[in-house]
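Me: Hi! Could you walk me through the charged pairs in this one?
Reply: Happy to, here is the model.
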Amino acid sequence: MAEIVQFVPKAELDARGNLTAFIRLCREELSAFGGLATWDEDRWQDGKAVVVFGTKTAPLTSYSFVPLAEPFKQFAKAYIRYDYSHRPVVSLSYRIQALRCVEAALRDSPGPVDIQRITGAVMDASAQKCREFATSDDFIHKTGLDLVKLFDFLRRNHLVPSLPAWKSPFRKPTILTEDLGEAGREHREKKLPSHAAMLAMAEVFAEANDKESRYFSSIMALLMTAPSRGSEPFKLPTNCLQWEADDNGEQQMLFRWRAAKGKGAMKKWIVAPMHSVMEEAHRRLMELGEPARLAAKFAFENPGKFLIHAGCITAPDHPQDAPLSPEEFCAAIGLKVPKSIRRRDGTENWSAIKVSKPFAAVIASGEVTYARLADVVRQVYGGAHWPYTDATRQLLIWDALCLHRENEFHAEFSPKAFSWRLADVNEVNRRMQDSHGPSLFARFGKTNPDGSRIEMTTHQPRHWLNTMGVRTGMDDYTLAQWAGRADPRHNRHYDHRTPEERASEARALIIGERPSVLERFRDRKPVHYTELGVDRPGTAKVTLYGLCTHDYSMMPCEKRRKCLTCTELTCIKGDHITLDRIRLAEAQTAWLLERAQKAHEDGEFGADRWVDNHKWELAHQRAIRITLEHPDVPDGALVRIPEGHDPSPIKRALIDLGVHVIPATEVATPPIVSLPSKLPEDA
């Protein structure tokens, strides 16, 4: 693991000195985005993370832009590299947008575009630029947060002479999933696919009749099994579909899944009705990708050697470093031979072959051999993380479930036998919409009930499944686990229930049927004293063995945790956890009684008192246990010791005076099962 470089400002240096030292550290000591070798470039890339140091004061695209003004650009590069080194993320859009807002504000003020010239007025002007540049309220809000982070960084590290405290003026936008107005309704309709669309997708999967429809409908089937992100199926290995025993010992199907956005490796359980669908989707993807997996593994195991495939026209033993004719070259790369490949005099006309730049470079070199083609294949298809699929280096490319060959789904060109590639979420979305030609729905004649066309995105099933989960009562933690979400608080962004549904659920919670005392005891929910036969306001306390009705506002507990001998303990029939605890307490007391009896037999002083005490405790414990185990006592029955078995000191005095009479049985509402009037004495 690389050592983390931390910038520490020096008190003896002024702001200019600290800024110079900061830029030098980031330029010369940090390796993110290529280190010193790429510092002078204005477009950096590290895996999927791309940052363009272009100004918003001029037309800006990923490849056509005007660079940020100097010397501000030097600080911007240092800030991005330092921040990315400490917290690598895929998207740096808000970071660079905040820098562009500050740069634009500095351009409008007199003097050089220098971060050291930032003042309170420039900070406010940066916020105004944010309003001008941003495309949505959410983007404005998040860019404002990055402006705050940037200004705090400058102030904390003494990179500017003086800087006032600054707070973003942009409020967090309304969460549209919770909005009750028209905007919320439109948002929910946009995010959720219709039931007709979901059924149509299932029909497309069943009717798929070519490589393209089988591949992309299988990807959508994976996304419709459990709420997932569109990019996640492309990280699945070939052995992702497995079976595992559940808590009851029954075999259940699951996916070994790798969730994005920090969740990582997890299991996605598959409901029984979807087992056959997932087996078929997995079989299709395995079958479609097998040639590509073989090609990728061949390239890895045979560096510098080109895969001689069925389309090649050379002899099987053609040397890898022997020259190829134009016809042999075209056959090797799966290209149709141009008519003008040979001049009238029979000489080779290589210029007639139109290929991509890497293959054109082979032709231009004059060394057209299988060995050179092997190098190009590795360069074109291997990618930056060869032999892995991405920067995580967890999945070898030939183990990827969704791998396929170039031109695999092309209507005119044949697949390139030596190639391999992974599709992406954009390719799946294009097959689900009509913006790039007929969608899969249109090809198979699927429409909405009103005849309108059906379109879908890869993210809509995730919203739909999350919403269905909430509607069926799934708790937040389980829903987040199911969706591969690291933070359960984000569930609310996927909850698209209507206001009427939310209101109905709230009414059910408030005025719905109250669960039984047993159900509330199990769920640790409040149980009122009156439900336990005690005429007093308040709720009972949960203990290891049941519910305690002691009033601690009057006096502390006199039993010193001897709950099972207390008349203020109410046990509830039907909870196996508390019954097991009572059995354990009975066994422990029986063991203590046995020790005390032996000590009494040995003549130890005071042992007789311990024998009496343990017998008294054991009798109560055994009576409670027998009552809770009795088949005639229904689940939910309330069981407690009659008051006569354990009178308070005051009542003992009243009994001695003949003022108080102990009833033989107890009567309470709701009915309470009293223990037998004669408690068992045998240990």
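Reply: One term to begin with: buried means under 20% relative accessible area, exposed over 50%, and partly exposed in between (1.4 Å probe, protein chains only). This is a predicted model, where local features need pLDDT of at least 70, side-chain atom pairs count only at pLDDT 80 or more, and totals for chains, interfaces and linings use all residues. Residues are numbered from 1 along each chain as its sequence is written, and side-chain values use heavy atoms, with hydrogens and water left out.
Me: Thanks! How many salt bridges are there in the whole structure?
Reply: The search finds 45, taking a salt bridge as a side-chain nitrogen of Lys or Arg within 4 Å of a carboxyl oxygen of Asp or Glu.
Me: What is the partner of Glu617?
Reply: Lys562, with the closest N and O atoms 3.2 Å apart. The pair links distant parts of the chain, 55 residues apart: Glu617 is in helix 20 (residues 607–629), Lys562 in the loop between strand 9 (547–548) and strand 10 (569–572). Helices (H or I, at least four residues) and strands (E, at least two) are DSSP runs, numbered from the N terminus.
Me: Is Glu617 buried or exposed?
Reply: Glu617 is buried, at 8% relative accessible area, while Lys562 is partly exposed at 40%.
Me: Switching topic, which residue does Arg583 bridge to?
Reply: Asp580, with 3.1 Å between the closest N and O atoms. Both sit in helix 19 (residues 576–601), three residues apart, about one turn of the helix.
Me: Which network are they in?
Reply: A network of salt bridges linking Asp580, Arg583, Glu586, Arg622, Arg625 and Glu629.
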